[in-house]
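Reader: I would like to read this fold feature by feature. Please take me through it.
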Amino acid sequence: MQQSVYHSQVYDSQSIQAWERRWFAQRNSSLGLMQQAAWTIAQNLNKQFLAKKINHIAVWCGQGNNAGDGYYIAAFLKQQGFKVTVFATELGHSEDLQQAFHYAQSQKVDTQTIDYLLSEHEINQDLPIFDCHIDALFGIGLNRMLDQKWQNIIHLYNLQTGFKVSVDIPSGIHADTGQALPCSTEADQTFTLLGYKAGLFTGQGKEYVGKLHLVSLIPIDAELKPLAYLSPERIALPKRKAFGHKGSYGHVLVVGGHADMGGAVIMSAEAAFHAGAGKVTVVCHSKHHQAILARSPNIMVRDINGLDQGLIQHLLAQVDAVCFGMGLGRDEWAENIYQLWFDLLNKNSHLEVVLDADGLWFLARYPQQLSAHVYATPHSGEAATLLGCKAADIEQDRIAAIYQLQQKYAGQWVLKGAGSLTLDDQLWICTQGNAGMGTGGMGDVLAGMIASLKAQFHEQVSLHEIVSLHAQAGDLLAEQGIRGLQAHEMGKVIYQVVNQ
């Protein structure tokens, strides 16, 4: 694969298509680009197939130019000595597609119609055994729900054994949102063309893409603008000074802990310490103090019921960052606490403030504009509450949702989930993390990490970098398996990632 200078930039499908049109308007050949893409993919696959001892290959071709890539890939692999069969739908009207089809025919590529695979009432699963299936059914233009016939084709494709490859994007995935429409081919590897598409990294897309390769074929131009950026995987935090002390590394305040919910503040506070904070104080219901001190005697505690506005202001003057809302609850007591604290947090510009969990629930009830130093960290359910919709609506277009959150509430935002999104002055997509992190307390840990690293470094560390460090810690924790991860075990791996 070619190494792209824009390897961290992510685009929407319309920008990619407009970029192609501008390239062709300069009298560059669209057929030549199709051939170049197919040749590059075929060369890469040739090396892999020889190593994996793959010989018998099926290429599934649809009706658009993505199918043209597939026909050329089939022809080039046939030339390289592989046994290739194309399963084809009725050809579309594109001249490039027609030429690709005829070229494959000229190379004696065996071609069969997909229709014969499907009976009127059931899917015929009795196909020959292939070592590899290549998906060239749909490209990035798909933006509608697939009808039953196409769903049956994709279901049949997924039932086959062998190595699975998708060209450009797994067929059935919306290129911009990552949502399946309503199903998608499942790939071991995806060769995406020209530039990265947002749907490859967020929403359901991550489930289907497999290992991702970028085939960057043409130079970027001045009109091409990224939709988002991929968060960097290598993050170097500033070094500590030899003469530093606990007061040099930030004081974090963790506020929450309803009488019935003490665990969340403990996990946030411990994460703050493991991420390097010099001092951490938990303000919660006093019934949790003994448990906190028994587990982590380095944490300081204050009774949340013993603080009036004056004492809160005095306490806030002594700290650098606050994470607020974990385990706060949603009853009348919690509402009073929220109203006592929120304006003080929002207006104190010297503070770095993380608003999470029940703090977000009350923000939805009492909408206000957040200051620039406030970081809100909802998952899709909390985002739905904030926007007055359903969680499924959020997941249908996560990128649109995070922009709507910032437009409505201001502040800086993290939309947690598969391919977590961060929106400060621009949009970032986290490519790390794993499904095992979908467990209670992981969000509390993230809130503690954000407060800790912002307390230590302020503008020297970005919000998206902290999200990536949290995801890297989760990946370390999951090295022995993703099922059964516990958020309270994150401390040891947080310690590793902030010291790497």
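Reader: Which residues of the largest nonpolar core touch the most other members?

Author: First, the basis. This is a predicted model, where local features need pLDDT of at least 70 and side-chain atom pairs count only at pLDDT 80 or more, while totals for chains, interfaces and linings use all residues. Residues are numbered from 1 along each chain as its sequence is written, and side-chain values use heavy atoms, with hydrogens and water left out.

Author: Now the idea. A nonpolar core is a set of buried Ala, Val, Leu, Ile, Met, Phe, Trp, Tyr and Cys residues joined through side-chain atoms within 4.5 Å. Buried means under 20% relative accessible area, exposed over 50%, and partly exposed in between, with a 1.4 Å probe and protein chains only. Here the largest core has 106 residues, and Tyr-71, Ile-134, Leu-316 and Trp-341 touch the most other members. Helix H2 (residues 30-52) gives the largest share of this core, 9 residues. Another core, of 52 residues, lies apart from it; Val-280 and Leu-485 are among its members.

Reader: What is Trp-341 in contact with, beyond its neighbours within four places in sequence?

Author: Contact means heavy atoms within 4.5 Å. The partners of Trp-341 include Leu-253, Val-255, Ile-304, Leu-316 and Phe-324.

Reader: How do I read the order of the 12 strands in the open sheet?

Author: Strands of a sheet pair through backbone hydrogen bonds, either parallel or antiparallel. Two strands pair if DSSP finds at least two bridges between them. Helices (H or I, at least four residues) and strands (E, at least two) are DSSP runs, numbered from the N terminus. In this model the order is E8-E1-E10-E19-E18-E17-E16-E15-E14-E11-E12-E13, with mixed pairing. Strands E8 (196-197) and E13 (300-303) are the edges, each pairing on one side only.

Reader: Which helix packs on this sheet?

Author: Helix H14 (residues 398-409) does, touching strands E16 (370-376), E17 (410-415), E18 (421-423) and E19. Axes are lines fitted to C-alpha atoms, for helices over the stretch in contact, and angles run from 0 to 180 degrees between N-to-C directions. The direction of H14 makes about 155° with that of E17.

Reader: Is E16 enclosed or open, and why?

Author: E16 is largely enclosed by the rest of the structure, because 5 of its 7 residues are buried. Strand E15 (residues 352-355) pairs with E16 in the parallel sense over 3 bridges. Leu-355 stands opposite Ala-376 there.

Reader: What order do the strands take in the open sheet of 7?

Author: The order is E4-E3-E2-E5-E6-E7-E9, with parallel pairing. Strands E4 (110-113) and E9 (211-215) each have a single partner strand, so one side of each is left without a neighbour in the sheet. Neighbouring strands are turned by 20° against each other on average, direction ignored. Within this sheet, 6 bridges join E2 (residues 56-61) to E3 (residues 83-88).

Reader: Which residues does UniProt list for "binding site"?

Author: UniProt positions are given in the numbering used here, feature names are shortened, and annotations may be inferred rather than shown by experiment. The unreviewed entry lists Ala-264, Gly-327, His-379 and Asp-444.

Reader: Are Gly-327 and His-379 buried or partly exposed?

Author: Gly-327 counts as buried because its relative accessibility is 9%. Gly-327 sits in the loop between strand E14 (321-326) and helix H10 (332-347). Its contacts beyond four places in sequence include Ala-264 and Asp-358. His-379 counts as partly exposed, at 38%. His-379 is in the loop between E16 and helix H12 (380-387).
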